[in-house]
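Dear colleague,

Here is the structure I promised to pass on.

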Amino acid sequence: MEVSVIIPNFNGIAFLDSVLGSLEGQTTQNFEVILVDNGSSDGSCSFVAGSYPWVHILELPENFGFCRAVNEGIRASKAPYVLLLNNDTEVTEDFVEQMLAALKRHKNAFSCGAKMVQYHDRDKLDDAGNFYCALGWSYARGKGKDVHTYKKEERVFAACGGAAIYRKRILEQIGCFDEEHFAYLEDIDIGYRARIYGYENWYAPEAVVYHVGSGTSGSRYNQFKTRYSSRNNIYLIYKNMPFLQILLNLPFLIAGFGIKLLFFAAKGMGREYLAGIKNGFSISRREKKVPFTLKHLPNYAAVQVELWINIIRRFAA
């Protein structure tokens with residue numbers, strides 16, 4: 001067994017038949033599936049136990065969030081590679097095989113992210129690699145574009161945690177997902193951390209997954225997501241950037257957060273966005289930064305250049 005597929009779930013019974021059925025039909029069976037349930041009340045665990053008895057189920061007593069769920073799955077996994085998969089997905093028949101092959105092709109890769117296609121409009125992309133820029137914005141490359149774009153296997157800033165494979169030995173080195181995030185931007189955070197340590201993140205276009213999107217939160221923009229995204233963004237910056245790098249990016253960050261505030265205010269969620277920022281500063285005071293070492297200085301420099309370049313990429317997209 002080479003791969004442990006980990007599916008976090010919270011009241012996702014409506015989606016589980018699709019994702020587990022597509023995994024059952026894989027061209028390779030060299031993997032295990034672990035469903036980590038976050039205290040669901042909709043009968044998810046009973047359904048999986050009855051319909052897919054080959055799935056290992058970890059039942060948590062309450063909703064601890066995405067990060068805690070996947071960390072529990074990683075700790076229980078038996079394989080050297082862990083593949084995270086959202087519950088509101090459906091994968092193609094060679095998905096696991098393609099994900100593993102892509103990661104193995106790149107010896108210095110920490111992760112590979114799949115080509116995510118919109119479930120209800122399969123002519124359009126959902127995600128072709130995650131990027132982060134000096135404005136403090138994260139974005140899914142290719143969202144809404146024609147499905148035939150971004151066909152090249154290439155490096156990205158981070159892999160989307162909705163469908164990504166990771167080397168477990170590197171997770172053991174740099175640490176697992178930060179449970180303070182609960183949900184949102186945790187994949188950017190761990191990809192950023194891997195970059196600081198000198199590893200790469202790749203996009204694997206031959207590994208295709210169909211994604212409903214917001215299957216757990218319920219919508220693309222809502223109060224919970226707005227508050228947690230702004231909160232986690234402040235924490236991500238504090239945690240991963242040394243103080244001098246924060247000062248260097250401060251004009252961009254002020255502009256970026258200001259634009260986002262206006263955007264969410266126009267949607268009636270400006271108060272939630274500001275509350276998230278305030279909470280982000282609060283948790284930053286008590287949580288630990290990624291330790292700065294001189295040997296990582298070239299990696300910080302490379303990341304900084306990319307943060308600037310990604311501003312241009314964002315507006316050119």
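In these notes Ala, Val, Leu, Ile, Met, Phe, Trp, Tyr, Cys and Pro count as nonpolar, Asp, Glu, Lys and Arg as charged, and the others, including Gly, as polar. The model is predicted: local features need pLDDT of at least 70 and side-chain atom pairs pLDDT 80 or more, while totals for chains, interfaces and linings use all residues. Residues are numbered from 1 along each chain as its sequence is written, and side-chain values use heavy atoms, without hydrogens and water.

The pocket

By class, the second largest pocket is lined by 9 nonpolar, 4 polar and 7 charged residues. A pocket here is an open set of points on a 1 Å grid over the protein atoms alone, where a 1.4 Å probe fits, with protein on both sides within 12 Å along at least five of seven lines; lining residues have an atom within 4 Å of a point. Of the 20 lining residues, Arg-155, Val-156, Arg-195, Glu-306 and Arg-313 lie nearest the centre. Helix H10 (297-316) gives the largest share of the lining, 5 residues. Helices (H or I, at least four residues) and strands (E, at least two) are DSSP runs, numbered from the N terminus.

The helix

Helix H8 covers residues 243-266. A kink of about 60 degrees lies at Leu-250, shortly before Pro-251; the bend is the angle between axes fitted to the seven residues ending there and the seven starting there. Just after H8, Gly-268 has a positive phi of about 80 degrees.

Regards

Technical notes. The expected span of a helix is 1.5 Å times one less than its number of residues.
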